Amino acid sequence: MARHFKDRIIEGDCIEAMRALGDASVDLVFADPPYNMQLGGELTRPDQSHVDGVDDEWDKFADFAAYDAFTRAWLTEARRVLKPNGAIWVIGSYHNVFRLGTQLQDLGFWILNDIVWRKTNPMPNFKGTRFTNAHETLIWAAKSKEAKYTFHYDALKMLNDDLQMRSDWTLPICTGGERLKDREGRKLHSTQKPEALLHRVILATTKPGEVVLDPFFGTGTTGAAAKRLGRHYVGIERDPDYAAAARARIKKVTPATAEDLTVTRSKKEEPRVPFGQLIEAGLIHPGAILVSPNGKRARVRADGSLALGEATGSIHRIGALASNAPACNGWTFWEVETKRGRTSIDLLRREIRRQMATAPRA
């Protein structure tokens, strides 16, 4: 089971290591696989200085067929260890992301979004022969079309200053103090991702206490973000130097408290409260008067319906009639008259929900 490997880094081949994990044992997979960049020769700047690009042996494959076979093998294992309602994120560049997308769909994953990570500080195109490659692409996919995957829509909206989070994310690449260095002061890993990117992914698509698997763990960005956000991680890394750096990095991370991990919940997740329940609880009495923004007055009946003139119906139907609109959210439309003034009926619904949340369980 994955719990045996929780908060551990497994050193070795990602495919073999995943085979040690139990079926349906992780909640999310984040994968930053080799890009197979097919670099042709050394890259230099106009002043002939060397560009420290991605020329590592782990990024080299004999041909596209070899890369596709590798991709299918690790994705097959990732799919096996995912829970039925789990999801996967893969990140790539134009060199490999289309091949990743094909394999995901061929294996039965259901693509939910592709995210464009627009880099605020990309590496220039020194040769001047192409556009500057200023973005990478993330694919977010559920295990199946029927999966009830996690998505904290309202939390992401809050993260974005109360605006709906879009599928283009503008974030800087990993630089400065976050970038891990070797003893000579050179970057330790050529494709280390910024923790801000993983913060957004993990916050959006997992819950506290869930398990995130990263089969290409590198220097541990996924593990650091997961620990900070109160999630568990399982990392797989075949390079012992990367794994050692990741362990040291994650050890320094202080996780947030349970209280601080609470995120803005979607209203869809809140328990349904019929208007009639307010009457049963004594918060509104039969005969009470509800008032609309335009001054229309409706009378509450014992069964939770409203009477407005000759018309009767739900708070929503009578709200639509009172506002001469095709539809209406009665909860935010009506106020009830009391001796202390008018009160939104939605505030009364919130009181019911508060009581439901604090009631002792049987």
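Predicted model: local features only at pLDDT ≥ 70, side-chain atom pairs only at ≥ 80, totals over all residues.
Colleague: How do I read a sheet, and what is the strand order in the open sheet of 8 strands?

Modeller: Strands of a sheet pair through backbone hydrogen bonds, either parallel or antiparallel. Helices (H or I, at least four residues) and strands (E, at least two) are DSSP runs, numbered from the N terminus, and two strands pair if DSSP finds at least two bridges between them. Here the open sheet of 8 strands runs in the order S1-S8-S7-S2-S3-S5-S4-S6, with mixed pairing. Its edge strands are S1 (8-11) and S6 (168-171), each of which pairs on one side only. Neighbouring strands of this sheet are turned by 20° against each other on average, direction ignored; axes are lines fitted to C-alpha atoms, for helices over the stretch in contact, and angles run from 0 to 180 degrees between N-to-C directions.

Colleague: How many bridges join strand S4 to S6, and which residue stands opposite Trp-117?

Modeller: Strand S4 (residues 110-119) and S6 run parallel and are joined by 4 bridges, and Trp-117 stands opposite Trp-169 in S6.

Colleague: Which strands does H2 lie across, and which does H3 touch?

Modeller: H2 lies across S2, S3 (82-92) and S7, and runs at about 145° to S3. H3 packs on the sheet and touches S3, S4 and S5, its direction making about 165° with that of S3.

Colleague: What is the order of the sheet of 6 strands, and how are its strands paired?

Modeller: That open sheet has the order S12-S11-S10-S9-S13-S14, and the pairing is antiparallel. Strands S12 (311-313) and S14 (341-344) stand at the edges with a single partner strand each, so one side of each is left without a neighbour in the sheet. The twist averages 35° from one strand to the next. Strand S13 (residues 335-338) pairs with S14 in the antiparallel sense over 4 bridges, with Glu-335 opposite Ser-344 in S14. Helix H9 (residues 315-323) lies across S9 (289-291), S10 (297-300), S11 (306-308) and S12, running at about 140° to S12.

Colleague: How should I read salt bridges, and how many does a search of the whole structure find?

Modeller: Side chains of opposite charge can pair when their charged atoms come close. The criterion is a side-chain nitrogen of Lys or Arg within 4 Å of a carboxyl oxygen of Asp or Glu, and the search of the whole structure finds 18 salt bridges. In one of them Arg-99 meets Asp-68, with the closest N and O atoms 2.8 Å apart. This pair links distant parts of the chain, since Arg-99 is in helix H3 (residues 97-106) and Asp-68 in helix H2 (residues 64-81), 31 residues apart.

Colleague: Which residues are linked with Glu-195 in a network of salt bridges?

Modeller: The network links Glu-178, Glu-195, Arg-228 and Arg-249. Within it, the closest N and O atoms of Glu-195 and Arg-228 are 2.8 Å apart. Glu-195 lies in helix H5 (residues 195-205) and Arg-228 in helix H6 (residues 221-228), so the pair ties together parts that are 33 residues apart in sequence.

Colleague: Is Glu-195 buried or exposed?

Modeller: Buried means under 20% relative accessible area, exposed over 50%, and partly exposed in between (1.4 Å probe, protein chains only). Glu-195 has a relative accessible area of 16% and is therefore buried, whereas Arg-228, at 35%, counts as partly exposed. H6 is mostly covered, with 6 of its 8 residues buried, and these buried residues pack against S2 (26-31), H5, S7 (211-214), S8 (232-237) and helix H7 (240-251).

Colleague: Where is Glu-136 found, and which side chain does Glu-136 join in a polar contact?

Modeller: Glu-136 is found in strand S5 (residues 135-142) and is buried, because its relative accessible area is 8%. A polar contact is a pair of N or O atoms within 3.5 Å; within protein, one must be able to donate a hydrogen and the other to accept it, and residues adjacent in sequence count only if both atoms are side-chain atoms. Such a contact, of 2.5 Å, joins the side chains of Glu-136 and Tyr-35. Leaving aside neighbours within four places in sequence, Glu-136 is in contact (heavy atoms within 4.5 Å) with residues including Tyr-35, Ile-91, Trp-117 and Lys-193.

Key. Residues numbered from 1 in each chain as written. Heavy atoms only, no water.
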